[in-house]
Amino acid sequence: MAAPAPKQEELQAHPVRDQLPAVSYCLTSPPPWPEAILLGFQHYLVMLGTTVIIPTALVPQMGGGNEEKARVVQTLLFVAGINTLLQSFLGTRLPAVIGGSYTFVAPTISIVLAARYAGIADPHERFLRTMRGTQGALIVASTLQIIMGFSGLWRIVVRLLSPLSAAPLVALAGFGLYELGFPSVAKCIEIGLPQIILLVAISQYIPNLVPLLGTAFERFAVVMSVAVVWLYAFFLTVGGAYKGAAQKTQFHCRTDRSGLVGGASWISVPYPFQWGAPTFDAGECFAMMAAAFVALVESTGAFIAVSRYASATPCPPSVMSRGIGWQGVGILLGGLFGTASGSSVSVENAGLLGLTRVGSRRVVQISAGFMIFFSILGKFGAVFASIPTPIIAALYCLLFAYVGMAGIGFLQFCNLNSFRTKFILGFSLFMGISVPQYFNEYSSVAGFGPVHTHARWFNDMINVVFSSKAFVGGAVALLLDSTLHRHDSTARRDRGDHFWDRFRSFKTDPRSEEFYSLPFNLNKFFPSF
């Protein structure tokens with residue numbers, strides 16, 4: 001018996017949406033206070049991963065021990081809280097967490113390995129010297145984003161973006177971080193894999209099985225799953241499951257090996273120049289500026305994803321430029337306080353907006369309060385910061401995927417039957433993965449990047465730029481989309497330009513005022529265009 005013919009409405013394509021539907025709380029609609037506080041704590045918990053991983057990788061190479069590592073974590077957390085508040089009040093006003101960035105790790109390691117620090121015998125003195133060198137490079141590098149953002153130069157670039165060129169940029173901002181996902185989970189599979197399974201079960205399956213409590217499971221899946229698996233890891237640790245195991249296994253699996261609780265002070269307030277006066281080296285400043293430019297591009301993609309999951313309209317170019325300027329101020333604060341890393345939009349927290357379906361600005365502002373509070377009360381913050389890395393990596397597997405899919409979602413505005421669209425999308429995604437893979441493989445085998453001249457600062461600049469998947473893919477997509485049949489009317493429709501035209505200026509869509517206007521009537525003094 002033949003199946004009945006489908007109804008006409010069933011054959012219609014899904015409608016295009018400027019704002020993502022089915023979001024429980026959008027940018028300007030805060031949840032009730034108890035729920036908002038718990039959601040804010042969940043954002044704090046998620047951003048801790050990067051906040052701990054970066055100092056854990058850098059501080060020992062700089063010569064520091066557990067005490068120095070704990071202080072750097074506290075400082076990075078404190079500055080992240082300030083930067084998140086600045087961004088939510090004066091920057092893009094999106095619910096974006098501004099935390100430490102992996103993009104700055106490579107130039108920081110280059111500073112650590114500089115010849116002028118090699119002869120310092122005392123590890124603590126070497127730590128202080130290298131930290132001061134990093135501070136100087138970050139202070140100079142911050143001027144790039146400050147100038148490009150507040151001058152409006154970045155606004156010109158963002159206006160060139162179409163849904164087609166934005167898709168690879170945003171997609172690779174999420175998918176491009178795959179190396180931080182399952183490879184890190186596998187370092188302690190007995191706690192990492194249960195975390196993935198439990199997180200998927202609580203967030204996706206249980207809400208359908210228990211409709212009355214479905215919303216709670218959906219919104220607080222991270223807190224619930226981390227609490228259960230962390231307790232499980234603790235029992236494995238105290239039960240002696242890792243006695244006699246390799247040191248690397250114990251480091252990744254045990255809950256008492258981070259060294260943060262013992263190294264952290266009870267109360268400590270980070271302050272500028274706490275490590276001493278910054279030092280400056282021209283070559284290192286240039287390398288750090290290259291990292292700042294890459295972080296600028298990556299953050300642009302993350303901001304676009306955040307606006308989508310906050311159920312806001314696309315961020316106007318002038319607002320995006322304003323946000324980049326304040327992110328530059330964040331990097332400057334990192335240099336002044338001594339965080340050993342620059343700042344960018346936290347991709348994992350952007351993904352958490354999609355997982356919880358809560359894009360409220362107030363929630364992220366509350367999370368910034370948790371960051372500042374626990375950075376001052378060091379011992380208490382160190383307890384949460386000692387969560388084993390495989391548990392955090394398991395969260396990344398889901399959260400980075402959400403950000404990647406935000407980019408893929410922009411293809412709804414494009415004509416996927418166009419060969420021009422297929423070429424630009426496919427080629428930019430492929431090159432965005434393939435080129436950084438070559439640079440990273442070459443570096444892991446040879447110990448240095450493919451560009452290896454006598455000018456170390458020049459090597460760092462090129463290697464940092466081409467090691468970023470989002471940067472390479474986004475740059476290729478923007479170049480091709482801006483030059484290949486750009487003025488052809490058919491190509492313009494295929495790339496989705498006509499859907500975003502009204503968002504290229506702040507005043508051409510009334511919703512921009514609702515989502516992106518500055519508080520306290522500051523738009524009169526700092527107008528957006």
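**Reading local features**

Reply: Val200 counts as partly exposed, at 25% relative accessibility. The classes are defined by relative accessible area: buried is under 20%, exposed is over 50%, and partly exposed lies in between (1.4 Å probe, protein chains only). This is a predicted model, in which local features need pLDDT of at least 70, side-chain atom pairs count only at pLDDT 80 or more, and totals for chains, interfaces and linings use all residues. Residues are numbered from 1 along each chain as its sequence is written, and side-chain values use heavy atoms, with hydrogens and water left out.

Me: In which helix is Val200 found?

Reply: Helices are DSSP runs of H or I with at least four residues, strands are runs of E with at least two, and both are numbered from the N terminus. Val200 belongs to helix α9, residues 189–209.

Me: With which residues is Val200 in contact, leaving aside its neighbours within four places in sequence?

Reply: Contact means heavy atoms within 4.5 Å. On that basis, Val200 is in contact with Tyr205 and Leu398. A C-alpha separation is another kind of value: for Val200 and Val222, 22 residues apart along the chain, it is 9.7 Å.

Me: What is the phi of Ala22, and is Ala22 buried or exposed?

Reply: Ala22 has a positive phi of about 65°, although it is not a glycine. Ala22 lies in the segment before α1 (33–62) and is exposed, with a relative accessible area of 61%.

Me: Where is Asn521 found?

Reply: Asn521 is in the segment after α25 (511–516). Asn521, also not a glycine, has a positive phi of about 60°, and its relative accessible area of 46% makes it partly exposed.
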